[in-house]
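Thanks for taking a look at this one with me.

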Amino acid sequence: LTLQRRTSWTAGLPDAHIDLGRFDRPFSLINRPLLMLDDNRTDPLVLMSPVLISDSAMFSISGLMEGNLNNAFWDSDQARSYAGEQGRVAGEIFEESVAQRLRELGLDAQPRRKLSAILNQKVAPEFGDVDVFAISADRERVFVIEAKNLRLCRTETEVAARMSEYRGRTVPTSKGGTKPDKMLRHIRRVKYLRDRAAAVAKSLKLPKPPEVKGLLIVDAPQPMNFHMLDELPDAESAFLDSIETYKF
């Protein structure tokens, strides 16, 4: 739980570990609440705050049990594996609830659809799967839905971190390359299907090539709902609790 003293902010750490816009950095005070003030490894001077230690414990335990803290935040393989599995299960439960709610509204909705199954053709794995795929009641529109059970952001730091994940841009990787962020992957999936609307119609036996629309459904207000998404194609958003007001 000790955050050791470093000679600089970077000290050879990767960018993800020193990004002040992220609340889940492995070398952050919320993860290591005992702050070492000198380099004496045998008897260091440590700054301690009981409130911070309490907050750190609750943050870590809840993140582990709910699966919303993954990857580098944890030191042990067991914690990473457990948190990842908890997050996967929670995500699938939310996708099922979104699909069920859409079916109640008259749509033909299925969670976790592969693009290859929708198109009945091979698709490169880099495009990923569709969280929820829905067909309108008149079978003239299909919805490629990114369904995320994202917790409510509690601090400015969490707002910044969440928005950085859903900007619709490429982000740097630890190996010096780039990859699409979560929103850009969604946008690319939508475009991939839109460019193949005729194949979608043939595979799903629709009366004509459908209008293909992208949608982000969340269960709690997110900063992206109020900023940026209007500027991105296929990044329209809606809340699950009020999904009946969306014009499908």
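1. Let's begin at N31, which counts as buried because its relative accessible area is 11% (buried means under 20%, exposed over 50%, and partly exposed in between, with a 1.4 Å probe and protein chains only). N31 sits in the loop between α1 (15–18) and β2. Helices (H or I, at least four residues) and strands (E, at least two) are DSSP runs, numbered from the N terminus. The side chain of N31 reaches the backbone oxygen of F73 at 3.0 Å. Neighbours within four places in sequence aside, N31 is in contact with L1, R25, P26, S56 and F73, where contact means heavy atoms within 4.5 Å.

2. A word on the source: this is a predicted model, in which local features need pLDDT of at least 70 and side-chain atom pairs count only at pLDDT 80 or more, while totals for chains, interfaces and linings use all residues. Residues are numbered from 1 along each chain as its sequence is written, and side-chain values use heavy atoms, with hydrogens and water left out.

3. Next, an open sheet of three strands, in the order β1-β2-β3 and with mixed pairing. Its edge strands, β1 (2–3) and β3 (46–47), each pair on one side only. Two strands pair if DSSP finds at least two bridges between them. β1 and β2 (residues 34–36) run parallel and are joined by two bridges, with L3 opposite L35 in β2.

4. How do the axes of α2 and α3 cross? Helix α2 (residues 50–66) and helix α3 (residues 77–104) have axes that come within 6 Å and cross at roughly 60 degrees. The axes are lines fitted to C-alpha atoms, for helices over the stretch in contact, and angles run from 0 to 180 degrees between N-to-C directions. The two helices are therefore oblique to each other; angles under 35 degrees count as roughly parallel, over 145 as roughly antiparallel, 65 to 115 as roughly perpendicular and the rest as oblique. At the contact, L64, M65 and E66 of α2 meet A79, Y82, A83, Q86, G87 and A90 of α3.

5. Strand β6 (residues 141–148) deserves a visit, and E146 is part of it. Six of the eight residues of β6 are buried, so the strand is largely enclosed by the rest of the structure. On one hand, β6 is joined to β5 (residues 129–135) by four bridges, running antiparallel, and V132 stands opposite I145. On the other, β6 pairs with β9 (residues 211–218) in the parallel sense over eight bridges, where A147 has I217 as its bridge partner.

6. Is E146 buried or exposed? E146 is buried, with a relative accessible area of 5%. Its side chain makes a polar contact with the side chain of R189 at 2.9 Å. A polar contact is a pair of N or O atoms within 3.5 Å; within protein, one must be able to donate a hydrogen and the other to accept it, and residues adjacent in sequence count only if both atoms are side-chain atoms. Among the other residues in contact with E146 are D131, K182 and H186.

7. Finally, two backbone angles. Most residues other than glycine have a negative phi. N120 has a positive phi near 55 degrees, and R139 has a positive phi near 60 degrees. N120 is in the loop between α4 (115–119) and β5 and is exposed, at 61% relative accessibility. R139 lies in the loop between β5 and β6 and is partly exposed, at 30%.
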